Amino acid sequence: MVKPLTQDEVDNKVDPSVSTQWDETTPIDEQFKEMYKIVDGLKGGLLTTIRPGIGPTSRAMAVAKRVGPDFLFLANNHSEKFKDLKSDKTAQVTFQNSSNMDWVSVSGEAVTISNDDPRIKQIYSKGVNAWFGDLGDGVHTGMPDDPRMTLIEVKANYITYWKSTASLPGFIKEVGQASLTGKVADTGVNRRLTDKDIQKARDSGL
């Protein structure tokens, strides 16, 4: 339901669209499970790296595997993102579901950038070679042992996400009502998972 803007929110410089939907009551384990459901349903998102002299640079990437709160990607080490990561290990993975506006932002660090990691063969799937091509020399085949085939592992240190609690018609009605009445729309829950929460999830195998 729409909620009124309060004087305290204005005086304390609070963003009402965030404070209205902020969720600090749902158990952390449940927050992780609902976040996993969002990202696993989307399969791919944007991988952002920091490019020297430019700043954040993003590109669409398919997730090869999610391991708890961390993400594994397979990529061609001839691409510029590897130059970015050599200079700055900072990485961000973002997801958005256009049908209900759910989104997830994972901030972290690329802790593994390797073309001989044994996990490459474990997570490689048919179709990955379509993005590499086969030179016909028996080496650059687009297969797991191709020297271009490289694992990027992004280890999360901060996650924030928003999950819709309204159907699409309900979302439209809520936003319309808020716009007409001067109130604040409340269409979902906004959550954050800290470094401490994330490490606990890793340790527990969540």
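Buried, in what follows, means under 20% relative accessible area, exposed means over 50%, and partly exposed is in between, with a 1.4 Å probe and protein chains only. By that count, buried residues make up 40% of the 206 residues in the protein.

Before going on, the provenance. This is a predicted model, so local features need pLDDT of at least 70 and side-chain atom pairs count only at pLDDT 80 or more, while totals for chains, interfaces and linings use all residues. Residues are numbered from 1 along each chain as its sequence is written, and side-chain values use heavy atoms, with hydrogens and water left out.

Now the overall layout. The protein has seven helices and eight strands; these are DSSP runs numbered from the N terminus, helices being H or I of at least four residues and strands E of at least two. Along its principal axes, the C-alpha trace spans about 70 × 35 × 35 Å. A contact here means heavy atoms within 4.5 Å. Of the contacts with a separation of 6 or more, 69% are between residues 24 or more positions apart.

Let me start with helix α3, residues 28–42. Which residues of α3 are buried? They are Gln31, Phe32, Glu34, Met35, Tyr36, Ile38 and Val39. As background, an α-helix has 3.6 residues a turn, so residues three or four places apart point the same way.

Ile28 is also found in α3. It counts as partly exposed because its relative accessibility is 32%. Leaving aside residues up to four places away in sequence, Ile28 touches Leu193 and Asp197. Glu109, 81 residues from Ile28 in sequence, is 22 Å from it in space, C-alpha to C-alpha.

Two packed helices are described by the angle between their axes and the distance between the axes. The axes of α3 and α7 come within 11 Å and cross at roughly 80°; axes are lines fitted to C-alpha atoms, for helices over the stretch in contact, with angles from 0 to 180 degrees between N-to-C directions. So α3 is roughly perpendicular to α7, a label for angles of 65 to 115 degrees. On the α3 side the contact is made by Ile28, Phe32 and Tyr36, and on the α7 side by Asp197, Ile198 and Ala201. Those residues divide into five nonpolar, no polar and one charged, where Ala, Val, Leu, Ile, Met, Phe, Trp, Tyr, Cys and Pro count as nonpolar, Asp, Glu, Lys and Arg as charged, and the others, Gly among them, as polar.

Next, the cores. A nonpolar core is a set of buried Ala, Val, Leu, Ile, Met, Phe, Trp, Tyr and Cys residues joined through side-chain atoms within 4.5 Å. The largest one has 26 residues, and Met35, Leu47, Phe73, Val104, Ile152 and Ile159 have the most contacts inside it. Another core lies apart from it, with nine residues, including Leu74, Tyr124, Val128 and Met149.

Beyond four places in sequence, Val104 touches Met35, Ile38, Val39, Val93, Thr94, Phe95, Ile159, Thr160 and Tyr161.

Trp103 is in strand β6, residues 103–114. Trp103 is partly exposed because its relative accessibility is 28%. Its C-alpha atom is separated by 5.4 Å from that of Trp162, 59 residues away along the chain.

Setting aside residues up to four places away in sequence, Asp84 touches Thr49, Ile50, Arg51, Pro52 and Arg59.

Last, two backbone points. Lys43 has a positive phi of about 70° although it is not a glycine, and it lies in the loop between α3 and β1 (44–51). Lys43 is exposed, because its relative accessible area is 58%. Met101, not a glycine either, has a positive phi of about 75° and sits in the loop between β5 and β6. With a relative accessibility of 36%, Met101 counts as partly exposed.

Technical notes. Angles under 35 degrees count as roughly parallel, over 145 as roughly antiparallel, 65 to 115 as roughly perpendicular and the rest as oblique.
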